[in-house]
Amino acid sequence: MLKHRNDVACQGKGFYTYEAFIAAAKAFGGFGTTGDDATKKREIAAFLAQTSHETTGTFFFLSEVIYYSLFD
């Protein structure tokens, strides 16, 4: 999971750890803890999908990557 998060060239190397994820989740008491098991899993999956999308799917970056088109 999060295959490229510790690549040498990765800006976020060492940032996206399991321990950091658990600590952050605990800071938001309702995150992944409300509803039935299926709802909890969906919430966590949606979070990981969104953060993957915002970091170009690699977890290389620590913030959203924005590409501007010359034609916008």
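The following questions and answers concern the side-chain contacts of a predicted model.

In this predicted model, local features need pLDDT of at least 70 and side-chain atom pairs count only at pLDDT 80 or more, while totals for chains, interfaces and linings use all residues. Residues are numbered from 1 along each chain as its sequence is written, and side-chain values use heavy atoms, with hydrogens and water left out.

User: Which side chains meet in a salt bridge, and what is the N to O distance?
Analyst: A salt bridge requires a side-chain nitrogen of Lys or Arg within 4 Å of a carboxyl oxygen of Asp or Glu. The structure holds 1 salt bridge. Its partners are Asp37 and Lys40, with an N to O distance of 3.8 Å.

User: In which helix do Asp37 and Lys40 lie, and how many residues apart are they?
Analyst: Helices (H or I, at least four residues) and strands (E, at least two) are DSSP runs, numbered from the N terminus. Asp37 and Lys40 both belong to helix H2, residues 37-54. About one turn of the helix separates Asp37 from Lys40, a spacing in H2 of 3 residues.

User: Is Asp37 buried or exposed?
Analyst: Buried means under 20% relative accessible area, exposed over 50%, and partly exposed in between (1.4 Å probe, protein chains only). The relative accessible area of Asp37 is 53%, whereas Lys40 has 25% and counts as partly exposed. Asp37 is therefore exposed.

User: What is the angle between the planes of Phe21 and Phe47?
Analyst: Rings of Phe, Tyr and Trp (its six-membered ring) pair if their centres lie within 6.5 Å; planes under 30 degrees apart count as stacked, over 60 as edge-to-face and the rest as tilted. The structure holds 3 aromatic pairs. One of them joins Phe21 and Phe47, a tilted pair at 6.0 Å centre to centre, with an angle between the planes of 35 degrees.

User: How many residues apart are Phe21 and Phe47?
Analyst: Phe21 lies in helix H1 (residues 18-27) and Phe47 in helix H2. The pair thus links distant parts of the chain, with a separation of 26 residues.

User: Is the pair of Phe31 and Phe47 tilted or edge-to-face?
Analyst: The ring centres of Phe31 and Phe47 are 5.4 Å apart. Because their planes stand at 75 degrees, the pair is edge-to-face.

User: Where does Phe31 lie, and is Phe31 buried or exposed?
Analyst: Phe31 is in the loop between H1 and H2, 16 residues from Phe47. At 18% relative accessibility, Phe31 counts as buried.
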